[in-house]
Amino acid sequence: MTQEELFKKLVAHCKEYGFIFPSSEIYDGLGAVYDYGQNGVELKNNIKRYWWDSMVKLHDNIVGIDAAIFMHPRTWEASGHVGAFNDPLIDNKDSKKRYRADVLIEEWLAKQDEKIGKEVEKARKRFGEAFDEEQYRATSPRVKEIAERRDEIHSRFADALNNNDLAELRQIILDCEIVCPISGTRNWTDVRQFNLMFSTQMGSTAEGANTIYLRPETAQGIFVNFLNVQKTGRMKIPFGIAQIGKAFRNEIVARQFIFRMREFEQMEMQFFVRPGTEMEWWNKWKNTRMAWHRALGFGDDNYRFHDHEKLAHYANAAADIEFNFPFGFKEVEGIHSRTDFDLGNHEKFSGRKLRYFDPETGESYVPYVVETSIGVDRMVLQVLSAAYCEEKLEGGEERTVLRIPAALAPVKAAAMPLVKKDGLPEVAQKIVDSLKYDFNSYDEKDSIGKRYRRQDAVGTPLCITVDHTTLEDGTVTVRHRDTMAQQRVRIEELHALVDGEVSLRKLFSKIDL
Ligand code: GAP
């Protein structure tokens, strides 16, 4: 199965099993907007809990807030979003389709890496055990030719982005002979900038109404509350403020399911530090955040750092954590050193002082900020794409299983009576009642043959079967999702067993906070 086929299956699976639906589907949906179903919302809430606890609960010096989505319009002038939150867009004149010029070029660059990878694999097969990949890459004329061209384009691309040179971006697209995937032609318009913020009116009459924006990032709600939190919480630098909330961007190239949405959710933490110490903290947060991802057990090789080609208007250092999605390595999280740009500009635009008096140095200053910013929806996609698995079982049977880390699984335990009579359903119900205050548990009512398959398909880590022996000796069979191993345990032991399997503690113990 190709990665593309796998991804299509995953999208269909998400709908079939109540994870993710197209928004307002009965009206044919709305582009790049999605709704979470009964299992999707549980997964999403568990991811949010994993993030929130790792920040707020486990750090004495990080607190949370929940700021409003609507903010004073001057906020977005101060933050630079009115002037600079743009994407470079290009249209194909034949298909009339619009693309992000930078994405077209990035995809071309990724294709060159793929070409090199294929050459290397061919050679590996040809030379067998004696193959020396490093030497081959350094000497193969074909590989060298592709790599040199890629590096040249890469360097032109980075310069064009940093200089905001739209004509050069177009020229690169022409020079690389990039064609529109729909029309197959190279009939491109000029590249133009397009602001990504959604706006709306606040106020009841058109004359008195103010244009306000739907926030494109949650971070600004933290910056404008910096002093409120610092003073009321008596926070001492270094300290952080965390927030989870909706953000909105009028994405033009909205593709790949919930990877790029117009309405999405972010988990952001702004860490306020003494000026001059920001690089140290940036490196520390890069490592901590990478460990948070890797603790999920999807394989360390499926993550990598990617330094930004072009720094955002507020940053002096920035790196992404990328995950290996079915459509390649893509960003899930950004770790940005935002300097004093935001607080400094809010001082200028609001006329209010946003300074911190440092009792250790006796100085008053605008703190520097290191930000960690991750999309909840991209995390959901990361978990689902890593977890989705089609397996052939002994005896020729097949199963589709979501190997979601137990702590994040929507349902933790499903209790099942072997037959729907003889008092077994009542015992299963009692088991659910005894677990439900602490774990999302479920009383499975499906027919016997289907119920394991159904629980596998939503990723339930533990299935508990109640049979006639249960009535005699108070034991049940616990079946583990991944290994399908079964064990017999006493009903009184179930709570501790489930807790041991699904607790977030297991994940936290792998992270050096
Ligand atoms: N406050 C900084 C900031 O917003 P960003 O790199 O633009 O930085 C941070 O976004 C994260 O938000 C991304 O790494 C991604 O996970 C998520 N994100 C951004 N745009 C998104 C979109 N259109 N759909 C889904 N997630 C998005």
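How many bridges join strand S19 to S20? Three bridges join strand S19 (residues 413–417) to S20, and the two strands run parallel. Strands pair where DSSP finds at least two bridges between them. Helices (H or I, at least four residues) and strands (E, at least two) are DSSP runs, numbered from the N terminus.

The model is predicted: local features need pLDDT of at least 70, side-chain atom pairs count only at pLDDT 80 or more, and totals for chains, interfaces and linings use all residues. Residues are numbered from 1 along each chain as its sequence is written, and side-chain values use heavy atoms, with hydrogens and water left out.

S19 and S20 belong to an open sheet of five strands. The order is S20-S19-S21-S22-S23, and the pairing is mixed. Strand S20 (441–443) and strand S23 (486–490) are the edge strands; each pairs on one side only. From one strand to the next, the twist averages 25 degrees. Helix H14 (residues 424–435) lies across S19, S20, strand S21 (462–466) and strand S22 (475–480). The helix runs at about 165 degrees to S19. Contact here means heavy atoms within 4.5 Å. Axes are lines fitted to C-alpha atoms, for helices over the stretch in contact, and angles run from 0 to 180 degrees between N-to-C directions.

Another open sheet has seven strands, in the order S3-S9-S10-S16-S13-S12-S11. Its pairing is mixed. Strand S3 (62–64) and strand S11 (303–307) stand at the edges with a single partner strand each, so one side of each has no neighbour in the sheet. The twist averages 25 degrees from one strand to the next. S3 runs parallel to strand S9 (residues 239–248), and three bridges join them. Isoleucine 62 stands opposite glycine 240 in S9. Helix H2 (residues 38–57) packs on this sheet and touches S3, S9, S10 and S16. The direction of H2 makes about 160 degrees with that of S9.

The ligand is surrounded by 21 residues (a heavy atom within 4 Å). The closest are Glu217, Met261, Glu268, Glu331 and Val332. By class, this shell has six nonpolar, five polar and 10 charged residues. Nonpolar covers Ala, Val, Leu, Ile, Met, Phe, Trp, Tyr, Cys and Pro; charged covers Asp, Glu, Lys and Arg; the others, Gly among them, are polar. S13 gives the most to the shell, with six residues.

A polar side-chain atom of arginine 249 lies 2.8 Å from a ligand oxygen atom. A polar backbone atom of methionine 261 is 2.8 Å from a ligand nitrogen atom. In arginine 338, a side-chain N or O atom is 3.3 Å from a nitrogen atom of the ligand. The protein covers 93% of the 550 Å² of accessible area that the ligand has on its own (Shrake-Rupley method, 1.4 Å probe). Strand S10 (263–273), strand S13 (328–339) and strand S16 (368–375) are the elements that give two or more residues to the shell.

A cis peptide bond joins isoleucine 237 and proline 238, with omega about 5 degrees. Aspartate 28 has a positive phi of about 75 degrees, although it is not a glycine.

Note on methods: Polar contact = N/O pair within 3.5 Å; in protein donor to acceptor, adjacent residues only side chain to side chain.
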